[in-house]
Amino acid sequence: MKNLLLIGDSIRMGYDKSVRKTLEGRVNVIFPQDNCRFAAYLLRKFHEYLKDIKGEEIDVIHWNAGLWDCLRLFEEDPHTPIEVYEYYIERVCIRIKKICPNARVIFATSTKVLSEEMNKDFKRYNEEIEKYNEVAVNIVKKYGFKVNDLYALSATLPKEAHSDAVHYYTTLGTEALTNQVLSSVLPELGIDEKIEYREDMYTDEPVGI
């Protein structure tokens, strides 16, 4: 059975359980309970997420980082300046290739938010998310990684798909994100048949956004 690793922030936590449920019995789907937060945090913790499996045994990795990086607290600058974000995204790419040399890798862009519904002391702007996505995509492509444009998908979803200003922990949002992730990872796993979606949705508030 092939091994699929899902890594990322609380957007990843909105589809990981449904991906695992849908691929149950066909693919070993691995993901941490931890919210992988910003790019520097993911870099620090990546090897620890593989404590129960050897990196060489990972077949496909689907990962994201960015929403924490572009977060503006108390109307200050983004948590991670974009040039620092660029630096850490590249380091994550290098770390992935070092620890999981056999893996096919897919980077997912950060999703769209409802900025108008956020408090001014805790704010994200879609125009900044787009800039951070562009920086990340340019880097990951240099390393031969594929891109799953979750931002483009999220921009097509109605407001009802949101469970809050950031997340998509609804039936509609979970299914849409899960199916997009599946369409991205299945070819890399060598699965060319249609697999019926099976929901396993988070119902609690996310830990950290």
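Author: Start with burial: buried means under 20% relative accessible area, exposed over 50%, and partly exposed in between, using a 1.4 Å probe and protein chains only. This is a predicted model, where local features need pLDDT of at least 70, side-chain atom pairs count only at pLDDT 80 or more, and totals for chains, interfaces and linings use all residues. Residues are numbered from 1 along each chain as its sequence is written, and side-chain values use heavy atoms, with hydrogens and water left out.

Reader: Is D34 buried or partly exposed?

Author: D34 counts as buried because its relative accessible area is 19%. R37 has 21%, so R37 is partly exposed.

Reader: What does D34 form with R37?

Author: A salt bridge is a side-chain nitrogen of Lys or Arg within 4 Å of a carboxyl oxygen of Asp or Glu. D34 and R37 make one, their closest N and O atoms lying 2.7 Å apart. By this rule there are 15 salt bridges.

Reader: Which parts of the chain does the pair K17 and D200 link?

Author: Helices are DSSP runs of H or I with at least four residues, numbered from the N terminus. K17 sits in helix α1 (residues 16–22) and D200 in the segment after α6 (171–185), so the pair, 183 residues apart, links distant parts of the chain. Their closest N and O atoms are 3.7 Å apart. K17 is partly exposed at 21% relative accessibility, and D200 is partly exposed at 28%.

How values were computed: Helix = DSSP H or I, 4+ residues; strand = E, 2+ residues; numbered from the N terminus.
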